[in-house]
Amino acid sequence: MKYKKPKIGVYICHCGMNIASKVDVESVVEFAGKLDHVAVAREYKFMCSSPGQQMIDNDIKKLGLNRVVVASCSPRMHELTFKKACEKAGINPHYFQMANIREQSSWVTRDPEEATAKAKDLVAAAVARVAFHRPLQSREVAVKKSILVIGGGIAGMQSALSAAESGYRVYLVEREPSIGGHMAKFDKTFPTLDCAACIMTPKMVAVDQHENIELLTYSEVVSIEGFIGNFKAKILKKPRYVNEDKCTGCGVCMEKCPARKIPSEFNERLTTRTAIYSPFPQAVPRTPVIDPEQCRVLAKNKRCGVCRKFCEAGAIDLEQKPRYLDIEVGAVIVATGFKAFDPTPLTNYGYGRFPEVYTSLEFERLNNATGPTSGKILMKNGQAPKKVAIIHCVGSRDVRYRKYCSRVCCMYSMKFAHLLREKTDAEVWEFYIDIRSPGKLYEEFYNRVQEEGVHLVRGRVAEVTDIPDNQEDFGRLTVIAENTLTRQAKRLLVDMVILSVGLEPAEGSKDVARLVGISTDGDGWMTELHAKLAPVATPVGGIFLAGCCQGPKDIPDTVAQAMAAAGEATSLLSKGTVSTKTEISYIDPDLCAGCQTCLQVCAYSAIQFDAGRCVSVVNDALCQGCGSCSVACPSGAAGVKHFTDKQVMEEMEAILIQECIYDR
Amino acid sequence: MTDDFEPKIIVLVCNWCTYTAADLAGTSRLAYPANIRIIRLMCTGMIDSKYILKAFLDGADGVFIGGCHPGDCHYINGNLKAKKRISGIRKIVEQFGFDPKRLRLRWIGASEGPEFQQNMTEFVESIKALGPTSVKDRMIL
Amino acid sequence: MTMYAILETNNNPSAAVRTILQKMLSEKIVDSVLVLSKTPYSSLPMPTLITDTEKMEQAEPLAPAAPFNAARQAASVLRYPTGGKKAVVLRPCEIRALIELAKLKQCVLDEAIIIGIDCLGRIENNIYLELAAQKEDISSAFYNDSALQNRITGICKACEHFRPEGADLTVCLLGTPVMEKIGLLAGTRAGENIIKSLGLSAVEQPVKRENAINELLKKRIEARDALFSETTEKIKDIEKFQKMIANCLNCYNCRTACPVCYCKECVFLTDVFVHEPEVLQRRAAKKGAVKLPADTTMFHMTRLAHMSHACVGCGQCSSVCPSSIPVADIFKTVSAKVQELYDYVPGRDISESIPYLVFEKESSDG
Amino acid sequence: MKYGFFPGCSYNSAAGYRQSVDAINRLMEIDLIEIPDWNCCGATAFFSLDEFKALALTARLFALAQASGFREIVTVCNACYTTLRKANQILSSNPETVSRINKELSKEGLLMEGNFTVRHYLEVLYNDVPAEKWSKNLTEKFKNYKVACYYGCQLTRPWGDLDHMEQPTILDRFIERLGFLPVDHSARTICCGASHTVSYADECGLLVSRIIREVHAKGGHMITTLCPLCQFNLDSWQKNLTHPIPVPFFTQLAGLALGLNPTELGLNKLLVPINKVLSREL
């Protein structure tokens, strides 16, 4: 060994009973004591506790250990804890190795004997490996003092504002023409029933006017590369065909535009818009956009130009081209939100066939002062409904579609019920599986709605049909369900049905996840670093999550997480520097034959060829340590620090040579 | 092959997907045979042919490699590079009498704890069915 | 491009080829020629870089010998462009190795004029020296005497790549009575220009050539398949294989002789395989005894993993093995499988990229 | 085009079903080879009484089909269609049952083995007969005739592979191809009471009335069905209505579209006369 002779301390953790109940810790300790280079082997109830760490500290100082192995939980849990402890005691943190005898042995093995034997193997492997560990030093690199926020819904806006407030530059990217997201479509918010617009619009304006926020609406992130503290992002600004600097937002263009009858996305297609449009009156920025699919000039290259004619500011610019913007940021907050479940596949509810069957978002608009009926709850025939059914869990808690609970539907359904009672004299029937109202003042709201005379039927609706039981009721809808509490089948005649649809990951969120290099779970939600201990961070340093992109959330939770994300990001920035990855590739110039195979397999273009010396060289700022190059290099000139052939193969050999079980 | 044959299986997994899946299997207490020994690497694209050969020559009865699903690789495409290489190694060891079934590559995502358990169980079963390799009772060469 | 010219040989084919090479030098078509040539000290011809037409007299372009695969020497001549043209006279297996080395950036072929020889096989160095003691012009003798031709190496007998692929010019020994005339075939535009500037007149390719080629090919493929089935049987169990290599001394001659083993230093010489005493003790303890040097099987299989896709089957590894292990038979057999898997033929085409560098974008389980 | 054909018990008695099918076969060169010595399929009910006997009954049909060289069987009745499919599904996954049955069948020298494909005649007309073949000899005059397609319970359920379970459209698409105007309605797959009309006339009356009223409400001129029992239930219940809706078989509509006259399609046998609708200028 080129380095100081190893002196290894091995520490076996009981993890309370989590390990000790299966693994015979004493015998593992005894076994470990006999292994090469092991100077001391001990056990303790909780190695991660401060006495546990103290034990390591003492041994390093008193016995002069230069390598440490802890056999306990997964390194993903506590590797950092122990590395820190080693560093504190004065040895390089990379002189540490962890054996995962909890997740990989005690928790997954039935027979205690086998569990113990497996634990021994894992310890032996860790010891064999750590003997070949090398001290690694990381380099401190400055962090870019700016943040990229992807998504301009309430989550993105809040993150941007909080971050901007702490003095950092924020780029807020939103693909739609205006920020605001779903919340801008709502009228009231549960449980307090304060008006969404009243809390939303000021925020939107604040975002627009904040000197630290650069608002990039109608834009999309096309690429992100780099690493924590130093990301390079390319952003596509789609052509608005309206000059933002000149436009006064007077709106004449929209009045005059002859291309009408285009279903309005913002109003859930309940109203129409023109080809040049601003999604809604309070849109931020006010500058409208021209829909290239609909504009007579752009789509059908007819001679029109009406908007140009009427625009006094001369802001219309049909020549506008897509523009690309390159920015450098230290952190990225992903806030891509959700999309509402499309109930069309559930044909038994008749959505799309029966005009009076609405999705919850459609109803939000129907009930909204800026909506198609200016806030009056009216049916397509202009009448107010006499009887309304609200169907819960449409798409949610349904093995055929989304097995999870979307968390917000119960509450907004009851909000609908309340608003219906308040604004109309309609009878309201809610059909639910369970009412889920976990949240401050939520249960109270549930009680209040009950007191307001809303009928709640526990039972999943089987069918909504327009065939009534009696001739005279044609034109109305019949809801067929079983009241599972009274065990009675119910055929309820109603005028309007609202489908409380669940939440799904937003369109394209998987692409964004790939862009920033994080994974999504089975349902497509982005996965956080740790469900409990790191709900905002992701496995990729410098990338944080806010709002529904990580899972269904209501507004309070979303805002909280948005601020948390901003907090994480800003604390990273205020630290000022990050240390470069230590576990990255190196290329030994003495061994490199200059075949440049490594250049061709590197996914990060982190390797350059030095023609002078005729060898390949790794750029340690770009290298992510994936090891593609080391595998591609037959001579072993290229390798990954801390994952060298030697280390991995010794680890393997210990398992296979020192094997404890099965030689019995 | 004897009934009490307990194979020794090396499992090479990537840190981001399959290792996480293994942890998830642990936290969810999903039991599987104790024959497997996990070696954690950063990416399946890091798995050198030497590792696989050494495993077999040092007496492993099977080698299981677990990585991220295509498209989910933390390093963009390490898993696909791995697949290409491993197919070659499989061909080589096959020539020397190691049943190709002894070297298995599977994509197991971070959230797929049950899949990890299932894969381990199945693989151990299939190796038991194959019996020990003839390396088993030799000293290392 | 199939421009074909006739070279009168009047009983000395080697001389005919020498003349051509000399002409190429004197006409300044090339600045230098790398070709097998006698040395003052031995009749065993060695790759020699010749610029002087006089020295060309010693050249043995057609000698049925290859002291080692000259691709490496060619590569060192062609390491990087220096201006001017360089002719390299090589056997098919050497050309294919050279192309692989070019893919691995070990040389650049822009300035190369590759002259290939129809390969009837090579004779092991020691046998060649014996013969040299008896005969003056072994080359002529060889092409006349089928008994001699039978003494080529076993791996050559099983070689289906006896026709130079990717050569600018091919010296055609098949299909003509070698003692009267041989052919010069252009494989590229460059080759054609050379034939023109040498003032040779293009003629029809003799039909006989095609027949001769097919006949030989048939014979070689039969031999090859026999070799494959025999070797497959020999190694089909790791234990059998280990018996086969039991006498391996870990001298690494095979990898030194291997034209496509291009590493500066073999990984087996690095500390990855230099074991600490504790490790050796551990290994011994496992079964009570461990043979040293360790990792012999590991070495051969790892080398397969590294270069089997590029193995050109030149057989040098066998020739240099002090323990006469049929390394080449093993490598050719295993490599065939790997190359089939990747649908890759080493040296087939310089634009064809190395298997490990192309991988599918989406993929199912392995 | 040649198929093994299982007519089922109500095929001959059904109002003009056979006539119209024969006529279509003639014009479209379809060859339906009746399975010799066929027996009742047991319908939906029998399975609930004695599954083994029910299976044996259908297995015999398959055996007969096999004997005359058919592995594909065409039916003209939804009940037969589902029953045979269900039986085939159970049998193909229960070899021991099959062998038990085969022991019985062997007594009359029959043997049933392997998987069979059961298809409804509608599939043949819609999928196998090329669209051009229809369009060639169609008469234009029906383009304003609003036809409500009634599928009944058993064409798409329980498999839902032929078409959507609750909102099938294959028949609508077919008659549209024939030049009729399909009307959208919600009674496509709600039950007509089936054989219960005999035992529970009143209750089934309610069921049928919902279908008829729905079609009325959506302005249909006729209801077309592809099952003898559905047809009978819908047709017979309307006798004392002031504005009854004729209920022709889809094959009869096809015949009309091809220019055949009502009587040779047996349309005169409908209880609710169709000629009033046909004579009406639309």
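In this predicted model, 44 residues of chain B are in contact with 44 residues of chain A, where two residues count as in contact if their C-beta atoms, placed from the backbone, lie within 7 Å. The side of chain B that touches chain A draws at least two residues from each of α1 (18–27), β2 (36–41), α2 (49–57) and α3 (78–95) of chain B, and α1(B) gives the most, with six residues; helices (H or I, at least four residues) and strands (E, at least two) are DSSP runs, numbered from the N terminus. By residue type, this side of chain B divides into 21 nonpolar, eleven polar and twelve charged residues, with Ala, Val, Leu, Ile, Met, Phe, Trp, Tyr, Cys and Pro counted as nonpolar, Asp, Glu, Lys and Arg as charged, and the others, Gly among them, as polar.

Residues are numbered from 1 along each chain as its sequence is written, while chains are lettered from A and ligands numbered from 1 in the order in which they are written. Local features need pLDDT of at least 70 and side-chain atom pairs count only at pLDDT 80 or more, whereas totals for chains, interfaces and linings use all residues.

Chain A has 17 helices and 34 strands, and of its 664 residues 52% count as buried, a residue being buried if 20 or more other C-beta atoms lie within 10 Å of its own, exposed if 12 or fewer, and partly exposed in between, with C-beta atoms placed from the backbone.

Within chain A, four strands form an open sheet in the order β2-β1-β3-β4, with parallel pairing; two strands pair if DSSP finds at least two bridges between them. Because β2 (38–44) and β4 (96–100) of chain A stand at the edges, each with a single partner strand, one side of each is left without a neighbour in the sheet. Strand β1 (residues 8–13) of chain A pairs with β2(A) in the parallel sense over six bridges, and A:Gly9 stands opposite A:Val40 in β2(A). Helix α1 (residues 25–33) of chain A lies across β1 and β2 of chain A and runs at about 170° to β2(A), where axes are lines fitted to C-alpha atoms, for helices over the stretch in contact, and angles run from 0 to 180 degrees between N-to-C directions. Helix α5 (residues 112–130) of chain A also packs on the sheet, touching β1, β2, β3 (67–72) and β4 of chain A, and its direction makes about 160° with that of β3(A).
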